[in-house]
Amino acid sequence: MSELVSTRIRNTAGKLGLPHLAETIREYTRRADEGKMGYLDFLDLMLSEELAVRDDRRFRQGLRLSKLPHHKTLDEYDFSFQPELDPRKVKDLATLSFVEGKANAALLGPPGVGKTHIAVALAVAACRAGYSIYFTSLDNMVRNLKAAETAGRLTNKLGTYLRPGVLVVDEVGYQPLERAEANLVFQVISKRYEKGSIILTSNKTFSEWGQVFGDEVLATAILDRLLHHCEVISINGPSYRLKNRLQAIERENDVA
């Protein structure tokens with residue numbers, strides 16, 4: 001390829017918003033020459049590479065905006081430490097069929113068993129698949145909605161939790177809510193019903209949610225919408241954090 005043609009292609013690619021193509025056109029032509037590609041194969045190579053770069057850029061941008069506390073995957077989850085948890089159930093969720101169907105997933109269990117890890121891993125997988133995601137603890141969501149309501153901006157703030165394809169609500173039940181606060185949660189749950197997926201973690205059983213939300217009737221209304229289309233996984237096992245702490249203590253004692 002002549003320098004003149006190469007320059008023209010780079011300029012055109014830049015105008016079309018294809019910066020990767022503009023930067024790598026010489027590499028593409030080298031690969032095409034070595035592989036003796038036809039015109040269609042060469043075009044397919046360029047478009048496929050550009051699409052992969054765009055997908056990766058969108059994925060990274062999605063993670064940046066998601067507020068996820070970390071970007072752990074299911075490959076990093078130690079299923080052997082939770083023998084009562086069936087890995088197949090979690091891996092079924094990782095197919096994201098529940099997200100495609102705008103259904104929900106609930107991860108229940110005591111602190112430290114890896115509920116948030118799994119929730120984040122599912123969110124990362126959803127982001128990779130092209131879904132918008134957003135992470136919040138229940139406490140932070142309620143605090144932000146209350147502040148917005150006081151400032152007369154509740155409708156606008158609700159959009160933060162209604163727009164994402166997948167909303168992760170962490171730590172449901174760690175702090176009891178007042179009825180007005182529970183009503184704000186109900187608004188999010190009801191407005192997302194059959195319109196977007198929720199992944200939530202809770203240290204409380206559903207029978208205890210009346211205490212969490214300060215009102216049995218309101219808790220029932222929330223659960224009615226949440227559980228209508230929902231995959232529920234209970235994790236009843238030892239704490240990873242306690243395991244790591246005990247191991248650290250043992251190492252300190254060995255050194256001493």
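Is Leu47 buried or exposed? Leu47 is exposed, with a relative accessible area of 53%. Here, exposed means over 50%, buried under 20%, and partly exposed in between (1.4 Å probe, protein chains only).

1. **The model.** This is a predicted model: local features need pLDDT of at least 70, side-chain atom pairs count only at pLDDT 80 or more, and totals for chains, interfaces and linings use all residues. Residues are numbered from 1 along each chain as its sequence is written, and side-chain values use heavy atoms, with hydrogens and water left out.

2. **Overall build.** The protein chain has 12 helices and 5 strands. These are DSSP runs, numbered from the N terminus: helices are H or I with at least four residues, strands are E with at least two. The chain has 256 residues, and 43% of them count as buried. Contact means heavy atoms within 4.5 Å. Of the contacts with a separation of 6 or more, 78% join residues 24 or more positions apart.

3. **A surface patch.** Leu47 lies in helix H3 (residues 39-65). Together, Leu40, Leu43 and Leu47 make a nonpolar surface patch of about 330 Å². Like charges are joined within 9 Å, nonpolar side chains (Val, Leu, Ile, Met, Phe, Trp, Tyr) within 5 Å. Areas come from the Shrake-Rupley method with a 1.4 Å probe; for residues, only the protein chains shown count as cover.

4. **Helix H6.** In H6 (residues 115-128), 11 of the 14 residues are buried, so this helix is largely enclosed by the rest of the structure. Among the buried ones are His117, Ile118 and Cys127. The buried residues pack against elements including H3, strand S1 (104-108) and strand S2 (133-137). After H6 comes Gly130, whose phi is positive, near 105 degrees.

5. **The largest core.** A nonpolar core is a set of buried Ala, Val, Leu, Ile, Met, Phe, Trp, Tyr and Cys residues joined through side-chain atoms within 4.5 Å. The largest has 34 residues; Leu68, Leu85, Ile118, Ile133 and Ile199 touch the most other members. H6 gives the largest share of this core, 9 residues. Apart from it lies another core, of 33 residues, among them Leu138 and Val169.

6. **Phe186.** Phe186 sits in helix H9 (residues 179-192). Beyond four places away in sequence, Phe186 touches Leu218, Ala221, Ile222 and Arg225. Phe186 and Arg225 are 39 residues apart in sequence and 9.2 Å apart in space, C-alpha to C-alpha.

Technical notes. Patches are made of residues with over 30% relative accessible area and no salt bridge: like charges are joined within 9 Å, nonpolar side chains (Val, Leu, Ile, Met, Phe, Trp, Tyr) within 5 Å. A salt bridge is a side-chain nitrogen of Lys or Arg within 4 Å of a carboxyl oxygen of Asp or Glu.
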